[in-house]
Amino acid sequence: QLYLRLVGMGYHVHVRDSGTKGVNGVYKAVGVRQGAVKFKMKKGERVYEICRARVKKTGSTKWYICRSDRNGIDKDIDYYNADDDGLLPPQRGWRAIYGDAPLPTVEARAAKTPRIQVVLQSRHFEERYMAQMFGRRREMMMNRFPRMQHICAKANLTACVERLRARHPAHADWYPRSWVLDTEENVDAFRAQFDPGRCYILKPDAGLQGIGISLAMEWNQVERALARNRELAGRWEAERNDPALASRRVEKAKLARANNELPDDRHLGHLVAQEYISRPALVDGTKFDLRVYVVVRSLKPLKAYVMKEGLARFCTSKYEPPRTENLEDAYMHLTNYHLNVTNETFRAPGSADGHAVLNVGDSTASKRSIQIVLAQLRVDQGKFWSQVEHLVSMALIAMLPQLRKEFQSILLDGRPER
């Protein structure tokens, strides 16, 4: 049926010259019925269909042009039929079921080429397949641009934004100053600009779920985080050469999950340091973040769409400005869902697994829809979404040179874009 849908959605059926004038018009594919594509046209309260069905008495297959009640209550009113067992309605052979009304001219025309979604991630063999399909089937639609996942990682995104800041400082003021701590030279550069009066947040490049994140207000705290990360990197290297060690770590992580804890011995790449926003917006005294979804439609010209709904994730402890005594209180400073769900004060949004969120009006849940939060903050939504669109634009502009480079390298085999 999936194949039939893909075939059928590429066609419209044009009916003209029929003695029953209501039948004339353009029918669009709406699905599959009894092994053939079904077409439908609506005119006010009346619905006309072209579909294939099997005659029970004779076992033969016929195509029908008929009218059905919009609510599906009345029996179909059949006007014409034709003997044919093809996937699409025939052009000839139509007969009037009642009377001798002029017969219709039926023509199935190819509609605009359908876009077929191809779900490809950014591994090497999938990139090769992506490149082959891009060259052969230009109508295909990929689910992401090449290396998008890598470009959006913390370290790479930081490098993109910092390049933008170096050339156009005013266009990067939305992004706190950040440092990628992947070399001794970069660590020294961070140390030279480190301000003991500020708080910094340290995150692993490929971090997720709040694992490996720490806060620092003194340089010795940064050094401890770097040392711990080097230790985890050494373990990870040893696990690559000893499957038994890797298996032991996996079992330990499963045990931690079973006890509603986060595994703390997973290496997720080098650290990225960023100035911590110590005066965040609060709702009911707790920190939150907003997860906004963006679809990038094209790179040249740059075109993207912002979804005006999304998720808001909340901390599960009341916020206090960072100080030495509370730097390790992750429930106060970090909004990650998988971290906060381990806190006894976590409030599930409508269901125990936390997935039913967008249609839930619970304004006290630890995960809510953005619209609920905007209502709680009583902000001007027009102004808010305008600011979001500006941030999205700046982020995409920062990433655009690398996105285009990867696109040209992988999909165009190094050839310049047209």
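Mentor: Two strands count as paired if DSSP finds at least two bridges between them. The model here is predicted. In this model, strand 11 and strand 14 run antiparallel and are joined by 4 bridges.

Trainee: Which residue of strand 14 stands opposite Trp 179?

Mentor: Ala 273 is the residue opposite Trp 179. Ala 273 is also the bridge partner of Leu 202. Strand 12 and strand 14 (residues 271–275) are paired too, in the antiparallel sense and over 5 bridges. One of the partners there is Leu 271, which is bridged to Pro 204.

Trainee: In what order do the strands of this open sheet follow each other?

Mentor: The order is 11-14-12-13, with 4 strands and antiparallel pairing. Strand 11 and strand 13 (214–216) each have a single partner strand, so they stand at the edges and one side of each lacks a neighbour in the sheet. On average, and ignoring direction, neighbouring strands of the sheet are turned by 25° against each other.

Trainee: Which strands does helix 4 lie across?

Mentor: Helix 4 (residues 154–167) lies across strand 11, strand 12 and strand 14, and runs at about 130° to strand 11. Helix 6 (residues 219–241) also packs on the sheet, where it touches strand 11, strand 12, strand 13 and strand 14. The direction of helix 6 makes about 150° with that of strand 13.

Trainee: Next, the aromatic residues. What describes a pair of aromatic rings?

Mentor: The distance of the centres and the angle of the planes describe the pair. The whole structure holds 11 aromatic pairs. In the pair of Trp 179 and Tyr 200, the ring centres are 6.1 Å apart and the planes stand at 65°, so this pair is edge-to-face. Trp 179 belongs to strand 11 (residues 178–181) and Tyr 200 to strand 12 (residues 200–204); the pair links distant parts of the chain, 21 residues apart.

Trainee: Are these two residues buried or exposed?

Mentor: The cut-off for buried is under 20% relative accessible area. Trp 179 has 9% relative accessibility, so it counts as buried. Tyr 200 has 0% and therefore counts as buried as well. Tyr 200 also forms an aromatic pair with Phe 194, which is stacked, at 4.8 Å centre to centre and 25° between the planes. Phe 194 and Tyr 200 are both buried. Ring pairs link Trp 179, Phe 190, Phe 194, Tyr 200 and Trp 219 into a cluster.

Trainee: Where does the charged end of Lys 367 sit?

Mentor: The charged end of Lys 367 sits over the ring of Tyr 337, 4.1 Å from the ring centre. For Arg 368, the charged end sits over the ring of Phe 314, and the distance to the centre is 3.8 Å.

Trainee: How many residues are in the largest nonpolar core?

Mentor: That core has 18 residues, and Val 23, Tyr 27, Ile 50 and Ile 65 have the most contacts inside it. At least two residues of the core come from each of strand 1 (11–16), strand 2 (25–33), strand 3 (36–43), strand 4 (46–54), strand 5 and strand 6 (77–83). Strand 3 gives the most, with 4 residues. There is a second, separate core of 16 residues, which includes Leu 299, Val 388, Leu 396 and Phe 407.

Trainee: What does Val 23 contact, leaving aside neighbours within four places in sequence?

Mentor: The contacts of Val 23 are Val 15, Ser 18, Met 41, Tyr 48, Ile 65, Tyr 79 and Tyr 80.

Methods
Residues are numbered from 1 along each chain as its sequence is written. This is a predicted model: local features need pLDDT of at least 70, side-chain atom pairs count only at pLDDT 80 or more; totals for chains, interfaces and linings use all residues. Side-chain values use heavy atoms; hydrogens and water are left out. Rings of Phe, Tyr and Trp (its six-membered ring) pair if their centres lie within 6.5 Å; planes under 30 degrees apart count as stacked, over 60 as edge-to-face and the rest as tilted. Buried means under 20% relative accessible area, exposed over 50%, partly exposed in between (1.4 Å probe, protein chains only). A charge sits over a ring if NZ of Lys or CZ of Arg is within 6 Å of the ring centre and within 35 degrees of the ring normal. Axes are lines fitted to C-alpha atoms, for helices over the stretch in contact, and angles run from 0 to 180 degrees between N-to-C directions. Contact means heavy atoms within 4.5 Å. A nonpolar core is a set of buried Ala, Val, Leu, Ile, Met, Phe, Trp, Tyr and Cys residues joined through side-chain atoms within 4.5 Å.
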